[in-house]
Amino acid sequence: MKLHTLAHSRTGDKGDTSNISIIAYRAEDYPLLCEYLTAERVAEFFAGMREAGAAQVRRYELPNVQALNFVLPGILRGGVTRSLALDAHGKCLGSALLALEIQDLRLA
Amino acid sequence: MKTLRIGSGAGYSGDRIEPAVELAEQGDLDYLVFECLAERTIALAQQARISDPDGGYDPLLSERMRRVLPFVGVQAGRRRLRVVTNMGAANPVSAAIEVRRIAAALGLDLKVVAVVGDDVLKVLQPDFLLDNGQSVGSLGERLISANAYLGVDGILEALRADADVVITGRVADPSLFLAPQMFEFGWAADDWQRLGRGTLVGHLLECAGQVSGGYFADPGFKDVDDLARLGFPLAEINADGEALITKVAGSGGRVSRATCTEQLIYEVHDPAAYLTPDVTADFSRVGFVEEGVDRVRAQGADGRARPEQLKVSVGYLEGWIGEGQMSYGGPGAVARAQLARDVVLKRLELIGVKLQDVRAELIGMDSLHGPRSGVEPWEVRLRVAARCEERSEAVRVGNEVETLYTNGPSGGGGASKSVRQVVAVASLLLPRNAVKPRIEA
């Protein structure tokens, strides 16, 4: 099942760093997101887009709103103001992440 | 217990004006706040001020003020409405003069106060280091602007001076909203928990429509009623900083737990340490409760002591970006666009244009997220963008895309090209005592 069916997302930018929220629609799906959506998995999804040598992807948990916050340094390639990218702010990044296929580890 | 009502009239410089007028007229507000400065807006405004010493403030300031000032100030049968905004950008003093002129023309007797002191260009020393590793000195004449993120201090002083309209330059976005709460409720500058709560209110409101159903709809998954008439949000706040987020009844959009959660995390890194000039806010245990249609209570924000240093945004020129685009459609569109891309890059090399950095991609295939698997689209659009030191070189980039018409693969159409100067932004930290906010009434 696609992450899109379980969660919604918004992406913000500061300098050359993006932050992507992943918010469970239903509270009961939050543990699955916590288990499956590790910082490593998100880093792997965006591998190739981030600057070589950029700091690690970080993950923060917000249990009261059933959300995860991923911080991705170096993905905006020199930052919004210098970037040659069409989407210099990286606003579309969160939508891409929602394409991730999630395996329900509880059923496996 | 008194309830303070603060509305959000803009989430960025070019934002829609109608929802702000709706809030001013029907929101029963005490304050209407316009947040209009993105990271590099001040650097661009500073450039405008160089060519016009009376300019350098928000291009929509005059229109916004003409529309909302008729509702501002002490009026019979209404709450006294005041305006707080950072639309002063690089020139709050001239912006205030313009607002006084508009008020007079409308026959209104309003006190308009500018907050200055964020411009710290003269404080910078050549050996100061930017976050990107460059020294201030190495920028030479390319250095345009340096603005510290001010906190609530200047705005508080303006409100104590009985301002109806407060116009600032660079102020941290949530501080525009926190200052009225501190002023009205008399919160101390080290009442960290209330300051953390008030900062949450500011953070939720600062992008205007983004908390009331804007930038949210995903048809079939997250639907928003009447998005075309999206209303902007307001907060009802009590003396302890407990707040309810809502909007004008009858306006489009929605305020829900989900819209508030998206905005809570927007542009936040560590939710337990959201740094502003006023407080280290802690949003990590924030929760939302829906108390009715479009009525959401925010709870659980906290705060700790404010940072000792202030962030400074430094704007500087860094060459030019040239860009060109051309579309291809129908059978073989992707192969023709790929050939066109290779031809443009080869020609730029052959004519010896010096590119500091270049990016060539197919919109519809790989421009947003790099190559991803999927079916071949009916149409794609080649986009070539490059950064060059000189404008004359950047111009060649778009030209070499445009000449694909008669010199490239078959069936290209809809060429466009552009050249723009790069105003880059980096940051550094300054001790608080190097920055001195003050008002000019």
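Trainee: How much area do chain B and chain A bury between them?

Mentor: About 3800 Å², with 56% of it on carbon and sulfur atoms. Buried area is the accessible area (1.4 Å probe) that two parts lose on being put together, summed over both. Before going on, note that this is a predicted model, where local features need pLDDT of at least 70 and side-chain atom pairs count only at pLDDT 80 or more, while totals for chains, interfaces and linings use all residues. Residues are numbered from 1 along each chain as its sequence is written, chains are lettered from A and ligands numbered from 1 in the order in which they are written, and side-chain values use heavy atoms, with hydrogens and water left out.

Trainee: How many residues does the contact take from chain B and from chain A?

Mentor: Chain B gives 50 residues and chain A gives 39 residues, contact being heavy atoms within 4.5 Å.

Trainee: And how many salt bridges are there between chain B and chain A?

Mentor: Two. A salt bridge here is a side-chain nitrogen of Lys or Arg within 4 Å of a carboxyl oxygen of Asp or Glu. Glu262(B) forms one with Arg10(A), and the closest N and O atoms are 3.0 Å apart.

Trainee: Which element of chain B gives the most to the side that touches chain A?

Mentor: Helix 8 of chain B, with seven residues. Helices (H or I, at least four residues) and strands (E, at least two) are DSSP runs, numbered from the N terminus. By class, that side of chain B has 23 nonpolar, ten polar and 17 charged residues. Ala, Val, Leu, Ile, Met, Phe, Trp, Tyr, Cys and Pro count as nonpolar, Asp, Glu, Lys and Arg as charged, and the others, Gly among them, as polar.

Trainee: What counts as a pocket or a cavity?

Mentor: On a 1 Å grid over the protein atoms alone, a cavity is a set of points where a 1.4 Å probe fits but cannot get out, and a pocket is an open set with protein on both sides within 12 Å along at least five of seven lines. Lining residues have an atom within 4 Å of a point. Grid points are joined across faces, edges and corners, and a volume is the space filled by probe spheres set on the points.

Trainee: How many cavities of 30 Å³ or more are there?

Mentor: One. The largest cavity has a volume of about 40 Å³, and its lining includes Arg40(B), Asn147(B) and Val425(B). Strand 14 of chain B supplies the largest share of that lining, three residues.

Trainee: Back to salt bridges: how many over all chains?

Mentor: The search finds 30. One of them joins Arg80(B) and Asp162(B), with the closest N and O atoms 2.9 Å apart. Arg80(B) lies in the loop between helix 3 and strand 3 of chain B and Asp162(B) in the loop between helix 5 and strand 6 of chain B, so the pair ties together parts that are 82 residues apart in sequence.
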